[in-house]
Amino acid sequence: MKQLVIAERVCLIGHIVSMVFGLVGILLVVPNAEVIFHLSEFGQTAMQWSMAGGGVVYMILGTAAVFLYGLRTLGLGRILAFMLPAIFISLGSELLGTSTGFPFGHYSYLSGLGYKIAGLVPFTIPLSWFYVGCASYLLARAGLEVDTKPSWWRHICAIGLGSLLLTSWDFVLDPAMSQTSLPFWYWQQPGPFFGMPYQNFVGWLGTGAVFMTVAALLWNSNPIKFERSQLNVPLVVYLANFGFATVMSLAAGFTIPVGLGFVLGVAPSLALWLKGSAVSAQADVESTTNAVSVANINVALK
């Protein structure tokens, strides 16, 4: 277990560091290419690596970090029950979107995010749906006490809120990643929301809701019990990726999407984390109290 924790933390730290390198490359090096010539040989190599494969590496490391976290806290069966539907359902939506325009609108991916499946969708895109989607859903599920006070209403609300957190990340990410000096995709039919069609957000909400629903159904017979500290990783993953998107958007002058993302994404994620942590802490106290009571009874019987 200790080795698993170390591997998880290495991947999580690498994920965050890779995003920072990516930001430096996109925001500083690309607009000021002459900066590279003033760097040391090591610095030039690092920048070249960042520009050539930084986007691929940070998404692979994010996937590995969340998978290892899920393996440690949820178990292999439950993390696969989320990961596989998330990857394959989001890939299906992306392939459909890039070839027909449904459900997101008409768009195409450029280079920089790795090998394209069917020549349309970089293989890293479904991975990002998985790890940000998993972080979003776990925060919503824990904060709404789905596993301690189960009901269909709580399940539905957790799926809806998890999908909203996921989509709020895209509010901030999409304008910057499609309209900066180094875009990673472009809209063939730009829409009214900073170049994006409103249909895009409906597609995000719908796709997230579908794979979260599948995971909820697969998890239904095996409730999740979090310890207090186990919500920290989902929160860090969500906020780190939101922070990356925020820096990109602010650098491009997109303040309204950032504000909207903070209201619909960051604020709820923090509230859910606090609520989920409080619930798990209370459960730990109750469990300890019950154990002490049982021990006292055993002593009295002796």
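Trp 152, Trp 153, Ile 156 and Leu 217 form a nonpolar patch on the surface, together holding about 560 Å² of accessible area. Patches here are built from residues with over 30% relative accessible area and no salt bridge, joining nonpolar side chains (Val, Leu, Ile, Met, Phe, Trp, Tyr) within 5 Å and like charges within 9 Å. A salt bridge is a side-chain nitrogen of Lys or Arg within 4 Å of a carboxyl oxygen of Asp or Glu. Accessible areas come from the Shrake-Rupley method with a 1.4 Å probe, and for residues only the protein chains shown count as cover.

This is a predicted model, in which local features need pLDDT of at least 70 and side-chain atom pairs count only at pLDDT 80 or more, while totals for chains, interfaces and linings use all residues. Residues are numbered from 1 along each chain as its sequence is written, and side-chain values use heavy atoms, with hydrogens and water left out.

**Overall fold**

- The chain has eight helices and four strands, taken as DSSP runs numbered from the N terminus (helices H or I, at least four residues; strands E, at least two).
- Along the sequence these elements follow the pattern α-α-α-β-β-β-α-α-β-α-α-α.
- Of the chain's 302 residues, 49% count as buried (buried is under 20% relative accessible area, exposed over 50%, partly exposed in between, with a 1.4 Å probe and protein chains only).
- Among contacts in the chain with a separation of 6 or more, 76% join residues 24 or more positions apart, a contact being heavy atoms within 4.5 Å.
- The accessible surface of the chain is about 13,900 Å², and carbon and sulfur atoms hold 69% of that.

**Helix α5**

- Helix α5 covers residues 152-179, and its 28 residues should span 40 Å at 1.5 Å a residue, which agrees with the 41 Å between its end C-alpha atoms. The expected span is 1.5 Å times one less than the number of residues.
- At Leu 173, α5 bends by about 35°, and Pro 175 follows within four residues. The bend is the angle between axes fitted to the seven residues ending at a residue and the seven starting there.
- With three residues, α5 gives the most to the nonpolar patch; Ile 156 is found in this helix.
- His 155 also has its place in α5 and counts as buried at 10% relative accessibility.
- Beyond its neighbours within four places in sequence, His 155 is in contact with Arg 141, Val 146, Ala 216 and Asn 220.

**Other buried residues**

- Ser 128 sits in helix α4 (residues 124-143) and is buried at 6% relative accessibility.
- Leaving aside neighbours within four places in sequence, Ser 128 contacts Met 59, Gly 133 and Trp 169.
- Gln 230 is in the loop between α6 (198-219) and α7 (232-251), and is buried with a relative accessible area of 12%.
- Not counting residues up to four places away, Gln 230 touches Tyr 69, Thr 73 and Lys 225. Thr 73 is 157 residues from Gln 230 in sequence, yet their C-alpha atoms are 7.3 Å apart.

**Backbone features in loops**

- The peptide bond from Phe 102 to Pro 103 is cis, with omega near 10°; Pro 103 lies in the loop between α3 (76-100) and β1 (107-109).
- Ala 118, in the loop between β2 (116-117) and β3 (121-122), has a positive phi near 55° and is exposed at 61% relative accessible area.
- Phe 194, in the loop between β4 (185-187) and α6, has a positive phi near 50° and counts as partly exposed at 27% relative accessibility.
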